[in-house]
Amino acid sequence: MRFRESGGLDTSNVQDRRGSGGGGVGGRGLAVGGGGLGLVGVIVVVLIQVLGGGGTDTSSLGGLSGLGAQQGGQAYDNSRLQSACDEAADANTSVECAVVADIDSIQDYWGGVLGARYQPVDTIFFSDQVQTACGAASSGTGPFYCPGDQQVYIDLTFFDDLTTRFGAEGGAFVNAYVLAHEYGHHVQNLLGINDQVQPGDAGPTSGSVRLELQADCFAGTWADHAETVPDETGQPLVVDITDDDISRALDTAGRIGDDFIQENLGGGRVDESSFTHGSSEQRQKWFTAGYTTGDPSRCDTFATDDLG
């Protein structure tokens, strides 16, 4: 995956809270399906926490509505990020700058698809722990979208976990897939798709699984269009996605399915009744469906009896 060499990057869609301190981890915690990847000990909670969920808990904490030097009582400082990621070319040499470019491209894509219905949201860079409207989270939670404050949260060290703990091939496009999946949950929230899912819903054909597979499919539709999505300059930020990039994304999808997690990182026994994100084969299938069609309307996992 390559980004263009000319022009600038817009870091205004990121809040860099790394090093600011996120407060103690406690409280209600993330809604079921609203978290990321629980990397605790032998990974006990991975059955419900893999690569971010849409969540259906929309309760909010006070003071989370405004952007600025402080949001929800948590300070952030983008000055270092702005300096490091000033030029688009920086995305070709820096993971954090590539993520900034990914976010810009993904949101430009959905703005084009949904028009005025799309509401841009920030991604929060944090380290160790963070407070959200869905509760408190730690780095072990993995990336996630919180519908309560409509923000995406990620500790960038998660990308290292994908390769070291899950054995994924990794790479810049895999990181983009992770972000595109989370913004897929934001689209679901905007369109009211979340309302079709009951909290705690689980099983191979559950609403939770359908929500996650649709987010994978939405990520695939962005990937199909990424090389042509223009930013404010009229030119795309992403200039090349290769077959190897797609292969790496599918490799990752195969390692974050409920069955793979349970068998290889959990207790070793696959229990379909506890599925909340879909099997490896399903996640690969629906990302591929989005990528090969480029059409979000082909991602209606709630209207089919064949999830793969």
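This is a predicted model: local features need pLDDT of at least 70, side-chain atom pairs count only at pLDDT 80 or more; totals for chains, interfaces and linings use all residues.
Start by selecting helix 6, residues 243-255, together with helix 8, residues 280-293. Their axes come within 7 Å and cross at roughly 145°, and the crossing is right-handed. Now show side chains: on the helix 6 face, pick I246, A249, L250, A253, G254 and R255. Across from them, helix 8 brings in S280, R283, Q284, F287, T288 and Y291. By class, this contact holds six nonpolar, four polar and two charged residues.

Like the previous stop, check the handedness: helix 4 and helix 6 make a right-handed crossing. From helix 4, select F173, V174 and Y177; their partners in helix 6 are D245, I246, R248, A249, T252 and A253. That contact divides into six nonpolar, one polar and two charged residues. While you're there, colour I246, A249 and A253, which meet helix 4 and also meet helix 8.

The structure holds two cavities of 30 Å³ or more. What lines the second largest cavity? Select G8, L9, D10, D104, D231, E232 and L237 and you have its lining. Colour those residues by class and you'll get two nonpolar, one polar and four charged.

Definitions and conventions. Residues are numbered from 1 along each chain as its sequence is written. Side-chain values use heavy atoms; hydrogens and water are left out. Axes are lines fitted to C-alpha atoms, for helices over the stretch in contact, and angles run from 0 to 180 degrees between N-to-C directions. Helices (H or I, at least four residues) and strands (E, at least two) are DSSP runs, numbered from the N terminus. A crossing is left-handed if the near helix is turned anticlockwise from the far one by less than a right angle, and right-handed if clockwise. Contact means heavy atoms within 4.5 Å. Ala, Val, Leu, Ile, Met, Phe, Trp, Tyr, Cys and Pro count as nonpolar, Asp, Glu, Lys and Arg as charged, and the others, Gly among them, as polar. On a 1 Å grid over the protein atoms alone, a cavity is a set of points where a 1.4 Å probe fits but cannot get out, and a pocket is an open set with protein on both sides within 12 Å along at least five of seven lines; lining residues have an atom within 4 Å of a point. Grid points are joined across faces, edges and corners, and a volume is the space filled by probe spheres set on the points.
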